[in-house]
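Hi,

Here is the structure I promised to pass on. Have a look first, then read my notes below.

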Amino acid sequence: NNRTTMGAKSAAIAVIAGAAGASAFMGASPLNVQSNRRAGSVRAGRTSSLKMAHKFEAGRKMRVAVVGGGPAGACAAEIFAQEKNMETYMFERKMDNCKPCGGAIPLCMIDEFKLPEKIVDRKVTKMLMISPTGIEVPIGQTLKPDEYIGMTRREVVDAYLRDRAIEFGAVSINGLVTDIITPADNSPTAPYTIKYSNYDGKKTGTPEELEVDMVIGADGANSRVAKAIDAGEYNYAIAFQERIKIDDEKMAFYENLAEMYVGDDVSPDFYGWVFPKYDHVGVGTGTVVNRPAIKQYQTAIRERAGKKIEGGKIIKVEAHPIPEHYRPKRVLNRVALVGDAAGYVTKCSGEGIYFAAKSGRMAAEAMVKLSKGGSMLPTQMEIEDAYLSPYDRAYGPTYAVLDILQQLFYRSNPAREAFVAMCASEYVQQVTFDSYLYKKVTSGGPLEDLKLLVGTVKNLMYQNSRSDVPKDRTFSNPVESLARLGTPK
């Protein structure tokens, strides 16, 4: 979201997958088709043909409720708070929330969101991709001296972004939103009523309510805002992570190294990870198609890591749902969903932190501009055109590429072996890191892309012919989850 992990909203496979897929498997047209399909689907839910904003005449400053204080909500609140004719209220129940997340952020996010380096626990410059048969492929040799993937802890990043929004003037409410009363008949001017329990640092919340004029839903995969606007359901993954404290000698091995393990033993449709943090490692995995077996997969990733984390002490266990695709509806009237609530987590990689922060900022910037200094209430169509359309144009190709790679490389152990082998290509690494670090789908040109495509097809054929690659285990799973791997129902 998220953000990815799967909870590891990870750097690495995101990195590799993004590049190879972008360059080799498609070109512009399939991506554009996919992006346009997404854009078309969100607009199908429009309830009003009104294009023009309505004058705000409530006799007070315009109020905005930002529900959720993670990267998406905090970055939205920061933008709204800078508009002097708006009052911004940011709701967050758990101010010290430690979301199970790989915590990887791309280099461009540091500059774009003006993040201090102190929030980065580790600067990862080396990675190991480890195949089902144990083949290790090191990646990272194409990185420039000043390039790295930032490994963070969500409780640190989220707190920094929230505090900055508060400094700009956002009112932070330590509360749980329990209901959102929407205007009757989707009135374009009537307020929303936010009902919430105000904890204010106490164990028991006090029921309160607040009238607002616009709402940002940044409250994650189980979004109450999404339910209030009947935004529709989406399939989700379970991310599971253990924070493990290992001795200094073992920690030195992970000083600037992250590991990604693939194989149906650690996940039938994702990957397992060992990511370095400040004074411990995050060890986890995730799955959609066999969620009941998540602890079995977690045991397997610990076993695969083996002696490198042996003797470590588990200091925290975390689990969280991660969305698999966009919500059917992301905007209704004056409510906009962002981050995990909107479904902005990439397949294959599970990355979501950057997309959460970016979507929160883009939605807020669009709605502030449309409000014309807090004097006009924007319509649904205006918000869709000013927020959703630019977002889908910018990032639709990335989601499309990683969706295809998910289906291609995570469907069997031979395919996973081919995936790891492909990562040994310096060209793949170069294009991939460029794509991940700077959030732009890049390519080395048609000839290089063709070479990669041909090589990958040959490798897939070879891996399928190997007798030493373990066969995938069988398991029962919910019918709706089969779609993740493109399996017919």
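**Strand β2 and its neighbours**

Four bridges join strand β2 to strand β13 (residues 214–217), and the two run parallel. Strands here are DSSP runs of E with at least two residues, helices are runs of H or I with at least four, and both are numbered from the N terminus. Two strands pair if DSSP finds at least two bridges between them. In β13, valine 64 has methionine 214 as its bridge partner.

Before going on: this is a predicted model, where local features need pLDDT of at least 70, side-chain atom pairs count only at pLDDT 80 or more, and totals for chains, interfaces and linings use all residues. Residues are numbered from 1 along each chain as its sequence is written, and side-chain values use heavy atoms, with hydrogens and water left out.

β2 also pairs with strand β3 (residues 86–91), again in the parallel sense, over six bridges. There, valine 64 stands opposite threonine 88. As for cover, five of the six residues of β2 (residues 62–67) are buried, meaning under 20% relative accessible area with a 1.4 Å probe, counting protein chains only (exposed is over 50%, partly exposed in between).

**The whole chain**

The protein chain has 14 helices and 21 strands. Of its 489 residues, 61% count as buried.

Cheers
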